[in-house]
Amino acid sequence: MSLTIAIDGPSGSGKSSVSRRVAAALGLAYLDTGAMYRAATWWCVQQDVDLSDQDAVSALVLELPLEMGVDPSGPTVHVAGTDVGEAIRESSISTAVSAVATNLTVRDEMRRLQRAIIDAERSGGFSSGGGVVAEGRDITTVVAPDADVRMLLTASEEARLARRARDVHGADDAAAVDATRDEVLRRDADDSTVSQFLVAADGVVTLDSSGLDLEGTVDAVLAVVSQ
Ligand code: C5P
């Protein structure tokens, strides 16, 4: 039976690692929608476009040659045939991505692409039975409000900063957390203008992962899915 799971959450909530693990455990496809906004940003930077020029950014993104690989054991992102999986995680992209993600034409186009991927996976793409775990900021509310399971993954600011510091700097000591604070808090503020991801919408189950490790969070999500 096909299953669609939508998971939203802010940076550092652990949603990417958790969603991938949940998808792998259930044999479902995995869609990282943040990676799509990052790929769009990478493409604009690559083409030397001024990110504050809304029309130029829109025009480029409407022609974005993007290919998303949805196998949870090795998700991939290609733009114009180039593997950008690592490049889109660079801090220059993390800093710039909100400028592109707040462009309304970009959002419309990304949501159209995301729905197309989700629909294709629902009827059996990666997974033989059909189904997908899609994660981002507006999946439970706008992209797939009809998902079978909708969850908001939250965590305390302290836990989110420590996770992001480990992801980006490989450590969560005071210096690494400090180096991460600006990026995370500024992105929260910038993203809050276009996507509501800090408060659960009606019918969305909130899971606070602050006191849980990856395994514990995956188990908690799987418990909600099996209800
Ligand atoms: O999830 P990640 O932190 O990689 O997302 C990168 C950025 O993409 C976010 O900061 C946000 O600007 C944008 N985004 C979005 N809507 C989504 C997913 C990500 O606006 N569904």
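Around the ligand stand 15 residues, and Arg 38, Arg 107, Asp 138, Arg 187 and Asp 191 are the closest; a residue belongs here if one of its heavy atoms lies within 4 Å of the ligand. The model is predicted, so local features need pLDDT of at least 70 and side-chain atom pairs count only at pLDDT 80 or more, while totals for chains, interfaces and linings use all residues. Residues are numbered from 1 along each chain as its sequence is written, and side-chain values use heavy atoms, with hydrogens and water left out.

By type, the shell around the ligand holds 8 charged, 4 polar and 3 nonpolar residues. Here Asp, Glu, Lys and Arg count as charged, Ala, Val, Leu, Ile, Met, Phe, Trp, Tyr, Cys and Pro as nonpolar, and the others, including Gly, as polar. Helix H2 (33–46), helix H4 (91–101) and helix H8 (174–191) each give at least two residues to this shell. H2 provides the largest share, with 4 residues. Helices (H or I, at least four residues) and strands (E, at least two) are DSSP runs, numbered from the N terminus.

An N or O atom in the side chain of Arg 38 is 2.7 Å from an oxygen atom of the ligand. For Asp 191, a polar side-chain atom lies 2.6 Å from an oxygen atom of the ligand. In the side chain of Asp 138, an N or O atom is 2.8 Å from a nitrogen atom of the ligand. Of the 460 Å² of accessible area that the ligand has on its own, the protein covers 97% (Shrake-Rupley method with a 1.4 Å probe; for residues, only the protein chains shown count as cover).

Asp 138 is in the loop between strand E6 (131–136) and helix H6 (139–143). Its side chain also makes a polar contact with the side chain of Arg 107, at 2.8 Å. Such a contact is a pair of N or O atoms within 3.5 Å; within protein, one must be able to donate a hydrogen and the other to accept it, and residues adjacent in sequence count only if both atoms are side-chain atoms. Asp 138 is buried, because its relative accessible area is 3% and buried means under 20%, exposed over 50% and partly exposed in between (1.4 Å probe, protein chains only).

Asp 48 lies in the loop between H2 and helix H3 (54–62). Asp 48 is not a glycine, yet has a positive phi of about 65 degrees. With a relative accessible area of 71%, Asp 48 is exposed.
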